[in-house]
Amino acid sequence: LKRKVVEEQQPLFALLGTMKGDAAEKLLGNWLGKLTKGESAPEITLDIYEAVKAMKSKNLSKKLGAVASNWKKVKYGVWSLALKGGDAVEGKAIFSGSTTAACMQCHTMTAGVPSVGPDLSKVATRLTPEHLLQAVVDPQSEVAEGYGLISATLKNGSVVSGLLAKETADEIVLRLPATPITNAVKKADIATRTKPSSAMPMMTSLLTKMEVRNIVAYLQTLK
């Protein structure tokens, strides 16, 4: 841990969190103290947090609670710790193969291919790391243009829905998800319509903080 090499420290903190005894608790407590004073690298903050949670020491948990109260004031709270320190290789594996996140079911890596979610092939050139984290943990906060799901009830009683591909003063154009098929609807025929929403679920309910951190790291490589 003293070498301050992030790639070495991270697995050691994971191991430390599983250890019992005064020596392990003291060592982890020292690092928690450094975190509190802002003396630890942001890339290992989540690792220290998870290690303390795993150790289940009443003393350390109390100290962590005091630090965590400050994180609550930050956008996305503890999830903000997933911004730095991720493993892009692990993130790619999760993105491509996780049946829980199911990222590839909705996103494509090829521009111009119809999909439920936006093309991510060069997403790091469009979004900052902070925006990438936001897109993962709070997809409803900012829906990508052309990918907002809406439902409209027409004056004749029928209901149409789809991705809002285009909107003019006179009509809206809805696209059937994952297809190039569109349907133009005149605004004069619409009785009510919903606001655009993202089809993407909040990953905070599907993935761990470590997994989110790795996905964010992977997304940052897509340039």
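The largest pocket of this predicted model has a volume of about 730 Å³. Its lining is made up of 33 residues, and the largest share of that lining, five residues, is contributed by α7. A second largest pocket holds about 210 Å³ of space.

**The largest pocket**

- Of the 33 lining residues, His107, Pro118, Leu120, Ala135 and Met200 lie nearest the centre of the pocket.
- Three helices, α6 (123–126), α7 (129–137) and α8 (209–219), each provide at least two residues of the lining.
- Among these helices, α7 gives five residues, the largest share of the lining.
- Sorted by class, the lining comprises 23 nonpolar, seven polar and three charged residues.

**The second largest pocket**

- The space in the second largest pocket amounts to about 210 Å³.
- Its lining consists of Leu35, Thr36, Pro42, Thr45, Val67, Asn70, Trp71, Ser80, Leu81, Leu83 and Lys84.
- The largest share, three residues, comes from α4.
- By class, six nonpolar, four polar and one charged residues line the second largest pocket.

**Ser80, a residue of the second pocket lining**

- Ser80, one of the residues that line the second largest pocket, is located in the loop between α4 and α5.
- Leaving aside residues up to four places away in sequence, Ser80 touches Val74, Lys75 and Leu133.
- Ser80 and Ala51 are 29 residues apart along the chain, and their C-alpha atoms are separated by 17 Å.

**Packing of α5 against α8**

- Two packed helices are described by the angle between their axes and the distance between the axes.
- On the α5 side, the contact is made by Ala88, Glu90, Gly91, Lys92, Ile94 and Phe95.
- On the α8 side, Glu211, Asn214, Ile215, Ala217, Tyr218 and Leu219 take part.
- The residues of this contact divide into seven nonpolar, two polar and three charged.
- Helix α8 also supplies at least two residues of the lining of the largest pocket.

**Layout of the sheet**

**Strand pairs and hairpins**

- Strand β1 (residues 149–154) is joined to β2 by five bridges, and the two strands run antiparallel.
- Within this pair, Ser151 stands opposite Ser161 in β2.
- The hairpin formed by β1 and β2 has four residues between the strands, and Gly157 in the turn has a positive phi of about 100°.
- Strand β2 (residues 159–167) and strand β3 (residues 171–175) run antiparallel and are joined by four bridges.
- Leu164 stands opposite Leu174 in β3, while the bridge partner of Glu167 in β3 is Ile172.
- The hairpin that joins β2 to β3 passes through three residues.
- Five bridges link β3 and β4, which pair in the antiparallel sense.
- Arg175 stands opposite Thr182 in β4.
- Six residues lie between the strands in the hairpin of β3 and β4, where Ala178 takes a positive phi near 65°.

Methods: Residues are numbered from 1 along each chain as its sequence is written. This is a predicted model: local features need pLDDT of at least 70, side-chain atom pairs count only at pLDDT 80 or more; totals for chains, interfaces and linings use all residues. Side-chain values use heavy atoms; hydrogens and water are left out. Two strands pair if DSSP finds at least two bridges between them. On a 1 Å grid over the protein atoms alone, a cavity is a set of points where a 1.4 Å probe fits but cannot get out, and a pocket is an open set with protein on both sides within 12 Å along at least five of seven lines; lining residues have an atom within 4 Å of a point. Grid points are joined across faces, edges and corners, and a volume is the space filled by probe spheres set on the points. Ala, Val, Leu, Ile, Met, Phe, Trp, Tyr, Cys and Pro count as nonpolar, Asp, Glu, Lys and Arg as charged, and the others, Gly among them, as polar. Contact means heavy atoms within 4.5 Å.
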